[in-house]
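Welcome, and please take a moment to turn the model around before reading on. We will walk through it together, one part at a time.

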There are 2 protein chains.
Amino acid sequence: MPELRRDSITNTWVIIATERSKRPSDFAPPKEANGEAKDRPDNCPFCPGHEQQTPPEVLAYREQGERDTPGWLVRVIPNKFPALSTEEDVESHTPAPSLYTAQTGAGVHEVIVESPEHHDSWADYGLDQATLALQAWAERYRDLRNDNRLAYAQIFVNHGSAAGASRAHPHSQLIATPMIPAKVMEELDGAAGYYREHKSCLYCTLAAAEIREESRLVSLSDDFLAFCPYASRFPMEIWILPRQHQADFAEITLSQIQELAGILRKVLRSLAFTAGDPPYNAVLHTLPYQGEGYEQSYHWHLEILPRLTTMAGFEWGTGMFINPTPPEEASRYLRKNPELNPNQQE
Amino acid sequence: MPELRRDSITNTWVIIATERSKRPSDFAPPKEANGEAKDRPDNCPFCPGHEQQTPPEVLAYREQGERDTPGWLVRVIPNKFPALSTEEDVESHTPAPSLYTAQTGAGVHEVIVESPEHHDSWADYGLDQATLALQAWAERYRDLRNDNRLAYAQIFVNHGSAAGASRAHPHSQLIATPMIPAKVMEELDGAAGYYREHKSCLYCTLAAAEIREESRLVSLSDDFLAFCPYASRFPMEIWILPRQHQADFAEITLSQIQELAGILRKVLRSLAFTAGDPPYNAVLHTLPYQGEGYEQSYHWHLEILPRLTTMAGFEWGTGMFINPTPPEEASRYLRKNPELNPNQQE
């Protein structure tokens, strides 16, 4: 069973994923990347007709058909090799206090198969498909809130094998953890500090400033903005924020989901077009399930992190990133997609 | 000129490296990795005979020859495309306070060419070569302390292109920053918290516990131990610590440098042997230049981070790592190298 272990210096937790256990010789040489060639529709467990190769679905939006048969448009399944296990209770076992703290790897790990089409991606989705995918995010996110073992849920997309995607079939994932991760607490506390000082949400202030400033803006709709953040860690990094204050992704309305789907697919199409379909991670940041007290100061958002540079020794040691593309330049390139802001072209 | 920008939420600094500026089309498709094929001794600026292709050396250990000519064993040069610039003064310019904080990218970026041999690596170095390489680390580290613009120096090795090495010729790097990076402060504060509570250094306690416990130990010498940390983020992650308290890498003695060189090359040979010469980052963690007050609680060490897994959306969002290889298993594999602890084989 998976085990959560705490680093005694930084209080960061690590998942020792015994379900995915590997001997040193099991690690594929990273250079070959032959995974993708072998990953074809006929042997893809996420493709329609192969529903029996996955655990039973926990949610599906279908045009037709029975549970666990073809006819679905979006399908959510438990991960067959979960990083955290649904069956565990949360319980700590500490061999020697403070230096070695562990707890059972209780949690949830689900896969959202975003489309029945093996070769689809966010840059290809129609508006309806994109909307259904995000609707599944919201529905699973809301549902898991009822499991009171869970403190936080991380929803994310890994696009391309260099960004950690082990399968080509388009999918996102949800991993829910029994604690609020240290990095999430850091962000909550940073925003809370600003709130105490200014009596306003840092993200709301930032959204207004980026719209006014324009130079880093990528796209603007009634309820959302997309921009390249001032301190971008990655070339072409893009954040999408709701323009009105909303701490918790669970509060998103159906019409907002549709609008977010529209902006997300256009922005990702623009990224694919501008930088040659680079690998990226899209990462949802939202109020934790156990996030009481941060409702005024926190603000959910989506971070798109293109993997055009490599995390190396300097970044591991300092946490500082070296970004060769200023965000003002990145946004100028991204805005060249005429779908974005037809009225705001340079 | 490079610019340092502060993320207003997390207080993390980013280097916008204009010296390395790239348009989106300049990013090599990550899959091709054809950089290595082109990187041969005849066109390698780090190979002997090509000294004029680099900026003039700031340090060299030589058997013979003049400055900036062949005959050196280790050669240190300023990076031709520095992430931070030596010529800048430290000065902040804040377009609009608190949301957008910037300062000039003042700092130092040097390359330590660790061997004249293009195809060498830590797994191949003889003891003398390894000792000279570490001696150059210590000498440059001590020397830059005199530049009072600098708050911290990060020394690191990137081995393999997947770990961020842009050149195959064996080298390490030193980047010195005008502030203590947030991630370094986090570690300093974590250790200081333990010190306040226990009146002892967390790392000294950990070293003694790992030697006693044995299950994660990789190698042990008079002054150093190498072990796989309890909360390893990466498969085969290895830390090397001095056994006696030493906060600052600058305090290392010549005989300790030689002993560290011995343990480091054996451990890295063992890693190469066990996991098929994987890419890795080796990252020195030490007391900052401006680290007053942390001398009792902090303890320098070297972290070796094999890049056998991929940083993906979950890790970016939460800072939690998923590691499929328990450290107890990793250390068992690594100890199979008979050079390590000849008297302690299982």
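Let us begin with chain B, where ten strands form an open sheet in the order 3-4-7-9-8-13-14-12-11-10, with antiparallel pairing. Strands here are DSSP runs of E with at least two residues, helices are runs of H or I with at least four, and both are numbered from the N terminus; two strands pair if DSSP finds at least two bridges between them. At the edges stand strand 3 (59-62) and strand 10 (217-220) of chain B, each with a single partner strand, so one side of each has no neighbour in the sheet. On average, neighbouring strands of this sheet are turned by 15° against each other, direction ignored. Such angles lie between axes fitted as lines to C-alpha atoms (for helices, over the stretch in contact), and run from 0 to 180 degrees between N-to-C directions.

This is a predicted model, in which local features need pLDDT of at least 70 and side-chain atom pairs count only at pLDDT 80 or more, while totals for chains, interfaces and linings use all residues. Residues are numbered from 1 along each chain as its sequence is written, and chains are lettered from A, and ligands numbered from 1, in the order in which they are written.

Staying with the sheet, strand 11 (residues 224-227) and strand 12 (residues 238-242) of chain B run antiparallel and are joined by four bridges. Here Phe224(B) stands opposite Pro242(B) of strand 12. Helix 4 (residues 202-213) of chain B lies across strand 10, strand 11, strand 12 and strand 14 (301-306) of chain B, at about 70° to strand 11. Contact means that C-beta atoms, placed from the backbone, lie within 7 Å.

Now look at where the chains meet. The contact takes 79 residues from chain A and 79 residues from chain B. On the side of chain A, helix 3 (residues 182-198) gives the most, with seven residues. Strand 2 (residues 13-16) of chain A and strand 15 (residues 321-323) of chain B run parallel, joined by three bridges, and Ile15(A) has Ile322(B) as its bridge partner.

How are the two chains related?

Definitions and conventions. Contact = placed C-beta atoms within 7 Å.
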